[in-house]
Amino acid sequence: MDLSYGDDAEAFRGEVKAFLNAAWQPGERRRDELKAYIAEFRTNATGHGYLYRSVPKRYGGSEQPVDVIRAQVIREEFQRARAPMEVGGNGMNMTVPTLLEKGTEEQKELFIRKTVEGEYIWGQGYSEPGAGSDLAAVRTKGELSADGSTWIINGQKIWTSQGMQSTHMFMLVRTEPNAAKHDGITYLLIDLNQPGITRRPIRQMTGEGGFCEFFFDNAQTPVSWQVGERGQGWYVSRTTLKHERASIGSADGLGNQFDKLVELARETGRIADPVVRHELARIEGFVMAHRYTSFRLFSCAAAGEDPGPVSLMMKLALTEIGHEMALLAQDLAGEALLREPAAAGTRGRGPEKWLDQIMGSLGNSIAGGASNIQRNIIAERGLGLPRDLAMQAER
Ligand SMILES: Cc1cc2nc3c(=O)[nH]c(=O)nc-3n(C[C@H](O)[C@H](O)[C@H](O)COP(=O)(O)OP(=O)(O)OC[C@H]3O[C@@H](n4cnc5c(N)ncnc54)[C@H](O)[C@@H]3O)c2cc1C
């Protein structure tokens, strides 16, 4: 197996390293200074073609040809130098790719640059109290104003990550109550800072208040902020979810997490326990399998080939391995986890720091489509098995 990237990629790596040595020297700075320094660095890195490669220059990107090997080299070198990559979150992972694929010129001009620059922060307005796995059951209502220029929105969204910080939302609303379930939905963008919208934080078991629920009471958004055709929002939402699952399923970071688990076994003096060693070896097998599968996907992408059903498995595999690690960490850390009921981020540095990871692993297996739904997708689209009976009955 040849795991090298080839001479061209290595020469390119040299260029990226030289750039980072010269351009990324954060040193000791005050918080506000560091923020400005990072923004300046991102602009510089974009100018060199290292960041926002898929985004056209006219919207603030560097507009580079698709080259997965170069993109990977950049990621590796930026991570090694601990240099900031693109502004992350829903905006870059979901809104921008969706607008590039399905948005109007006006929408691209209005939203992409400000999202790239971090001014617009996006919440994902999909889930509702009665619509999660069965997303097409959304009931939040969109009705056209009398002059046909504005959507008037009434209803509720829930589990919005980063909801308290979000300035905007991409959302699914029911606009055709009499159409077939999947055909009556429209995909809208909306400004969240307006009188018809109330948001409330939801505290998670980790202590964090990152989630939010939103109430829409005659909230408004212009018809020109509708993405795709009226009633076709379900199909636009598939674009967004594809990007969300790809970002959740990436193998980056899993190896580091495993190293920390081994460290925890050492710290707690359990590393010599044969049962713990057996568990570590078992989990390491999954971690390596996931890593090599990601290499396989990477090779297919570099060769312009379709990887087939294996790409459907990445999100499920990653979250399952994360959960396995969390279970072992829970066993290793034991009572230390009971020591500090403090808010997230304020916990100590001992084994108790695993608490967020352990609790968070449950959330990861639900976010972006719960594990059983992923299994259905793999079975139906990957293996060609018959459709889920519940879903069959609906369509
Ligand atoms: C960390 C996190 C972040 C999130 N962020 C957002 C966000 O920003 N925006 C947003 O809109 N939503 C967000 N969500 C919500 C998430 O998309 C939903 O929780 C998820 O789709 C599941 O929906 P539900 O909670 O209603 O559970 P349900 O749909 O009620 O599912 C409950 C259980 O039943 C199983 N199940 C349901 N239907 C089937 C079936 N047909 N076959 C087999 N099993 C089935 C599921 O697998 C699950 O185990 C987030 C959730 C989490 C945990």
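This is a predicted model: local features need pLDDT of at least 70, side-chain atom pairs count only at pLDDT 80 or more; totals for chains, interfaces and linings use all residues.
1. Which residue in S5 is the bridge partner of Leu172? It is Tyr187. Residues are numbered from 1 along each chain as its sequence is written.

2. Strand S4 covers residues 168-174. Helices (H or I, at least four residues) and strands (E, at least two) are DSSP runs, numbered from the N terminus. Seven of the seven residues in S4 are buried. A residue is buried if 20 or more other C-beta atoms lie within 10 Å of its own, exposed if 12 or fewer, and partly exposed in between, with C-beta atoms placed from the backbone.

3. S4 has partners. Two strands pair if DSSP finds at least two bridges between them. S4 and strand S5 (residues 185-191) are antiparallel and share seven bridges. S1 and S4 run parallel, joined by four bridges. Gly125 has Met171 in S4 as its bridge partner.

4. Strand S7 (residues 211-222) also pairs. Eight bridges join S7 to strand S3 (residues 150-157), and the two run antiparallel. Ile152 stands opposite Gln220 in S7. Strand S6 (residues 197-202) is antiparallel to S7 as well, with six bridges. Ile202 has Phe211 in S7 as its bridge partner.

5. Now the packing. A nonpolar core is a set of buried Ala, Val, Leu, Ile, Met, Phe, Trp, Tyr and Cys residues joined through C-beta atoms within 7 Å. The largest core has 45 residues. Ile112, Met171, Leu172, Val173, Leu188 and Ile190 touch the most other members. This core lies between domain 1 (7-86) and domain 2 (96-113 + 120-233), because both give residues to it. A second, separate core has 17 residues, including Leu254, Leu261, Val287 and Leu332.

6. Take Val173 from the largest core. Residues up to four places away in sequence are not counted here. Val173 touches Val138, Thr140, Lys141, Gly142, Ile153, Ile185, Thr186 and Leu188. Contact means that two residues have C-beta atoms, placed from the backbone, within 7 Å.

7. The chain is assigned three stretches: domain 1 (7-86), domain 2 (96-113 + 120-233) and domain 3 (250-394). Domain bounds come from an automatic or database domain assignment. The centres of domain 2 and domain 3, taken over C-alpha atoms, are separated by 30 Å.

8. Which domains each give at least three residues to the shell around the ligand? They are domain 2 and domain 3. The shell has 20 residues, and the closest are Gly132, Ser133, Ala367, Ala370 and Asn372. Strand S1 (122-125) and helix H11 (371-382) are the elements that give two or more residues. H11 has the largest share, with four.

9. By type, the shell divides into seven nonpolar, twelve polar and one charged residue. Ala, Val, Leu, Ile, Met, Phe, Trp, Tyr, Cys and Pro count as nonpolar, Asp, Glu, Lys and Arg as charged, and the others, Gly among them, as polar.

10. Thr319 is in helix H9 (residues 314-333). Thr319 counts as buried because 23 C-beta neighbours lie inside 10 Å. Beyond its neighbours within four places in sequence, Thr319 is in contact with Asn364, Ser365 and Ser371. Leu297 lies in helix H8 (residues 274-302). Leu297 has 22 other C-beta atoms within 10 Å, so it is buried. Its contacts, leaving aside neighbours within four places in sequence, are Pro307, Val310 and Ser311.

11. Check two backbone angles. Tyr52 and Glu63 both sit in the loop between helix H2 (31-47) and helix H3 (68-81). Phi of Tyr52 is near 50°, a positive value in a residue other than glycine. Phi of Glu63 is also near 50°. Are these residues buried, or partly exposed? Tyr52 is buried, because it has 24 C-beta neighbours inside 10 Å. Glu63 is partly exposed, because it has 15 other C-beta atoms within 10 Å.

How values were computed: A residue is near a molecule or strand if its C-beta atom, placed from the backbone, lies within 6 Å of it.
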